[in-house]
Amino acid sequence: MKAICAVTTLAAFVFSAHAFAEGRIDRIKESGAITLGYPESSVPFGYLDAQQKPVGYTVEICEAVSAKIKTSLGLKSLEIHYNPTASATRIPLLANGTIDLECGNTTNKADRHTLVDFAPTTFVAQVVLVARKDGGVDVNDLSTFRGKTIAAQAGGQTFKLISMLNAQHDYGISVAPAKDTAETFLMVSSGRAAGSANDDGLAYGAVASSKNPEDFVIGTHGLELAPYGILEPKDDPEFKKLVDTAVVELIKDGTVEKLYDKYFNSPIPPRGINLKYPMSAALKKALANPTDSPDPANYE
Amino acid sequence: MNYDWSWRIFLELSSNGVDSYLHKLLIGVGWTLALSLSAGFIALIFGSVVAVLRTARPVWLQLIGTVYVEIFRNIPLLVQMFLWYFVLPELLPKDWGDALKQMGQPWGQFIPAVLCLSFYGTARLAETLRAGIQSLPGGQRQAGTAMGLTPVQVYRYVIMPQAYRVVIPPLTSEFMGIVKYSSVALTIGLLELTGQARAMQEFSFHIFEAFSAATVGYLLINGCVVLVMHYVERHFALPGRIGWNTRIKLSGAAS
């Protein structure tokens, strides 16, 4: 009992005390450095190249944002530090101040706003189906998967979506959970599942980096939209404003569009594959009118 | 740390919109229990067999036991999980492999996970039991043989009843280990306790609450293992061996 009391008191103390009375801006000014969090294997949003250096669409946007921050704060130099994150570590690392921004493929959802803030949307993902060409199914029509198996990330948004659609229309699809995108794709290529449900960016990444990309077909009909944004720490309005302004400027001056072409329509490191994925209408719209809204309806 | 700590999150609706997060975590506890109980049971039976092989007189039986133990003990559990789930169906005849792949949810994940943990647990329990068997004085085996028992009877009536009772304390650790190893099943998509905690943080972003709950879950499950094994230890202790003192104390207090 004593131990439980001690732990609770400690937890309450640690989490109620704001370890950072001063904002991020002061800290960045003081240390002359900003720390970016990035996922290590989310091609093409954030991943490691052949030299083990973090690259990717969102990572480069963050680097451009850092350059803007340097100018607007009038700093002589701003060092960029990188810190790898995983889906389970991004929130704590952001909350405890280890990273200042998370640059990957995090979906902007309303109920996440109690814990973090999001920069204006820089990618709009659509949930699409991937299947083998010889699988006898139509990736744009969920009903052709009747009685078959679809793999999706365990506990992920796509898993929930397919289960829900399946229940609504009574397709009798069995939804197989897998650990991550790479594993859902492995389940399709090994024949364990007829198809997999993934966010389109990751689906293109998985297919393009497979041994025989032409064996697979990716759906064009999105089942659901999911806006991605750079993660910002909660309750630091000045820092959020600084980052948001930088992101909007980068969208307006065409930098984001150029980066999109660099990562989605031309060969990317480490193996020089080309995802060949033209920009979706939803993303074009989001770039024309930058917004940090978590509501998918605003992107349709 | 700027974190919105909230224990009420457990009562909120989870990703499926029907059950609360707490309900989902309890379902996860159920799968963890099912997985560890079945794996522990199978491992105890086959672990005994392999332990007997490793201590049997014929050299070729010892060899089989040793090869089994070294293979399954030396490969990381995570790798074994992948082998059972992804590689085994490819090695079987096509019909069998397809049947394995098309198995309904979550049995398609549960059965490979049980197989993996059982084979791994068998290797570990076999070593524990072998230690127990070899700790017995050699005279026990000789006395059994002198009475005209066959080697099988010697094991059945003389050696194993003593060996089991000697190894109860390390056996407790092995069972607790199996409960903890069961979390590796999340890598093949089985939503046991750790898997549900991971899913919960994925949706709600409340990572500390999710994994605190998982921690408490494992503490409680393993606490129960300790209590049960403690009872077993007291009940079956051998005179003059481990656990006997507690038994004397208890019965002394009663009389």
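In the predicted model, 24 residues of chain B are in contact with 35 residues of chain A, two residues being in contact if their C-beta atoms, placed from the backbone, lie within 7 Å. The largest share of the side of chain B that touches chain A comes from helix α9 (residues 193-204) of chain B, which supplies six residues. Helices (H or I, at least four residues) and strands (E, at least two) are DSSP runs, numbered from the N terminus. By class, this side of chain B holds eight nonpolar, 12 polar and four charged residues. Ala, Val, Leu, Ile, Met, Phe, Trp, Tyr, Cys and Pro count as nonpolar, Asp, Glu, Lys and Arg as charged, and the others, Gly among them, as polar.

Residues are numbered from 1 along each chain as its sequence is written, and chains are lettered from A and ligands numbered from 1 in the order in which they are written. As this is a predicted model, local features need pLDDT of at least 70 and side-chain atom pairs count only at pLDDT 80 or more, whereas totals for chains, interfaces and linings use all residues.

Chain A contains 10 helices and 14 strands. Its radius of gyration, 20 Å, is close to the 19 Å that the globule rule gives for 300 residues, so chain A is as compact as a globular protein of that length. This radius is taken over C-alpha atoms, and the globule rule is 2.2 Å times the number of residues to the power 0.38. Of the 300 residues in chain A, 47% are buried. A residue is buried if 20 or more other C-beta atoms lie within 10 Å of its own, exposed if 12 or fewer, and partly exposed in between, with C-beta atoms placed from the backbone.

Chain A is divided into domain 1 (22-122 + 229-299) and domain 2 (125-225), with bounds from an automatic or database domain assignment. Between them, 15 residues of domain 1 are in contact with 11 residues of domain 2. The side of domain 1 that touches domain 2 has nine nonpolar, five polar and one charged residues.

In helix α9 (residues 255-264) of chain A, the residues A:Val256, A:Leu259, A:Tyr260, A:Tyr263 and A:Phe264 are buried. They cover an arc of only 110° around the axis, which puts them on the same side of α9(A); the arc is that of the directions from the helix axis to the C-beta atoms. The elements covering these buried residues include α3 (57-73), α8 (237-252) and α10 (281-288) of chain A.
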